[in-house]
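Here is a friendly walk through one chain, written for a reader who likes to know the cut-offs behind each term. Please keep the viewer open while you read.

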Amino acid sequence: MSTLERWTRWPAGDVPIRESRSRARMALWLFGRIALLSTVAFGTFAEQHYTGWRLLPPILWIASAAGLFTGWYVTCRARRLWPALACAAGLLVFAELADEGGARTLASVIWCGLAVLAVIRLPLAAGLATAGAALVGYGLRSGDSLLVMLAVAGGLGLLGYLLRLDNQARSAQRALLAQERAAQVARAESAALAERARIAREIHDVLAHSLSAQLVHLEAARLMLDAGAERAEIRERVVAARRMAQDGLAETRQALSALRGEFAPVAEFVAELATQSGAELTVDGVPRPVPAEAGLAVRRTAQEALTNARKHAPGGRVAVRLGYLDGAVELTVRNSGAPRGADPMLGDSGSGYGLLGMRERAELLGGELLAGPEDGGWRVLLRVPA
């Protein structure tokens with residue numbers, strides 16, 4: 001910050017946050033202002049014997065001073081320098097009039113109060129100039145010695161500057177609190193969006209797998225109908241599709257349970273899936289609990305890879321390997337090519353986004369997924385931290 005900015009910059013303003021005030025604090029705030037007004041009124045009317053129409057000037061002085069102080073406070077909050085200085089000039093004029101009329105207490109309160117508040121509320125250059133004008137007016141009218149005047153001026157200036165620093169410190173503290181609350185809200189919203197995306201991804205993967213498996217059987221049933229197959233064979237395919245739909249609903253419930261941390265061990269799930277698919281299973285390492293996200297990635301990848309093997313290489317040999325490594329879990333699904341004479345027409349079914357979804361899931365967890373041809377067949381390798 002340059003020297004010019006330091007002298008012309010407004011004090012730290014209020015931030016959009018308010019400290020809660022207790023009833024005791026509010027009562028003390030109200031009592032302090034009533035006591036100050038009562039002291040000024042009592043001192044003003046006690047200094048002179050005001051009767052009849054002579055009561056009107058001090059009443060007008062007090063009301064005008066209160067109005068000008070209110071206007072000065074509002075313009076300072078709005079950071080409007082010239083209106084604030086106009087209100088300060090009006091206060092100095094009324095202080096002179098009050099002193100001329102014998103209301104020395106009111107005049108002294110205006111001079112001293114304006115000297116302190118100007119340093120607190122106005123830019124430093126304007127505040128010191130206003131405080132200096134108020135203190136000069138007070139010194140010329142008080143009749144005190146020069147030493148006393150210097151002590152009063154120094155004390156009031158120091159008080160105003162300390163209150164200015166305290167006000168700036170509290171404003172900075174409230175600004176930091178507001179930023180922290182905004183950051184907390186942003187973190188909560190980000191976490192909620194991430195959770196929604198995670199749930200949506202799980203439901204999408206479950207439905208994609210279930211519907212893809214159903215499509216395999218329904219497509220087979222259609223081909224059988226076109227080829228004039230036996231009714232029992234067609235019925236078997238339709239029943240299998242129905243069973244896949246039921247399994248899809250069950251897997252949806254399992255996915256939601258897994259998101260809550262309520263899921264069966266990954267090794268048991270992969271073993272059951274391999275048995276249903278007629279695949280060979282090998283487990284390397286000691287099975288251990290894995291985080292929910294990693295477990296779901298292994299489940300979905302195994303389902304998708306085995307479904308793809310049935311679609312693209314029906315009748316081929318499928319091998320599944322589940323490895324528990326140091327700090328990671330690894331899944332490998334290998335399938336050979338379709339045997340000669342097998343019908344590969346079901347390979348055209350599905351959306352084609354299975355590998356992309358598996359790769360995105362692995363990358364979100366800081367892992368990797370490799371998929372590609374191998375020895376005339378296909379290999380899918382998933383490795384995620386766990």
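R79 is partly exposed, with a relative accessible area of 41%; that label covers values between buried (under 20%) and exposed (over 50%), computed with a 1.4 Å probe on protein chains only. Before going further, a word on provenance: this is a predicted model, in which local features need pLDDT of at least 70 and side-chain atom pairs count only at pLDDT 80 or more, while totals for chains, interfaces and linings use all residues. Residues are numbered from 1 along each chain as its sequence is written, and side-chain values use heavy atoms, with hydrogens and water left out.

**Two residues with positive phi**

Most residues other than glycine have a negative phi. R79 has a positive one, near 60 degrees, and sits in the loop between α3 (56-77) and α4. D375 is another non-glycine residue with a positive phi, near 50 degrees. Its place is the loop between β4 and β5 (377-385), and D375 is exposed, with a relative accessible area of 80%.

**The chain as a whole**

How many helices and strands does the chain have? There are 11 helices and 5 strands. Both are DSSP runs numbered from the N terminus, with helices being H or I over at least four residues and strands being E over at least two. Of the 386 residues in the chain, 35% are buried. Among contacts between residues at least 6 apart in sequence, 69% join residues at least 24 apart; a contact here means heavy atoms within 4.5 Å.

**Helix pairs**

Two packed helices are described by the angle between their axes and the distance between the axes. Axes are lines fitted to C-alpha atoms, for helices over the stretch in contact, and angles run from 0 to 180 degrees between N-to-C directions. Two pairs are set out here.

| Helix pair | Angle | Axis distance |
|---|---|---|
| α4 (residues 81-100) and α6 (residues 124-142) | about 5 degrees | 11 Å |
| α3 and α5 (residues 104-121) | about 0 degrees | 12 Å |

Angles under 35 degrees count as roughly parallel, over 145 as roughly antiparallel, 65 to 115 as roughly perpendicular and the rest as oblique. α3 and α5 are therefore roughly parallel to each other. From α3, the contact takes in W61, I62, A65, F69, W72, Y73, C76 and R77, and from α5 it takes in L106, I110, L114, L117, A118 and R121. By class, the residues of this contact of α3 with α5 are 12 nonpolar, no polar and 2 charged. Here Ala, Val, Leu, Ile, Met, Phe, Trp, Tyr, Cys and Pro count as nonpolar, Asp, Glu, Lys and Arg as charged, and the others, Gly among them, as polar.

α4 and α6 are likewise roughly parallel to each other. On the α4 side of their contact are L81, L85, A88, L92, E96, D99 and E100, which meet A126, T130, A133, A134, G137 and R141 in α6. The contact of α4 with α6 has 7 nonpolar, 2 polar and 4 charged residues.

**The sheet**

Strands of a sheet pair through backbone hydrogen bonds, either parallel or antiparallel. In this model, 5 strands form an open sheet in the order β1-β2-β3-β5-β4, with mixed pairing; two strands pair if DSSP finds at least two bridges between them. β1 (280-284) and β4 (368-374) stand at the edges with a single partner strand each, so one side of each is left without a neighbour in the sheet. From one strand to the next, the twist averages 10 degrees.

β2 (residues 318-325) and β3 (residues 328-335) are antiparallel and share 8 bridges. V318 stands opposite N335 in β3, and R321 has T332 in β3 as its bridge partner. The hairpin of β2 and β3 has 2 residues between the strands, and G327 takes a positive phi near 80 degrees there. β1 and β2 run parallel, joined by 5 bridges, and L281 stands opposite V320 in β2.

Leaving aside residues up to four places away in sequence, M224 touches A229, E233, I234 and R237. M224 and I234 are 10 residues apart in sequence, and their C-alpha atoms are 6.4 Å apart in space.
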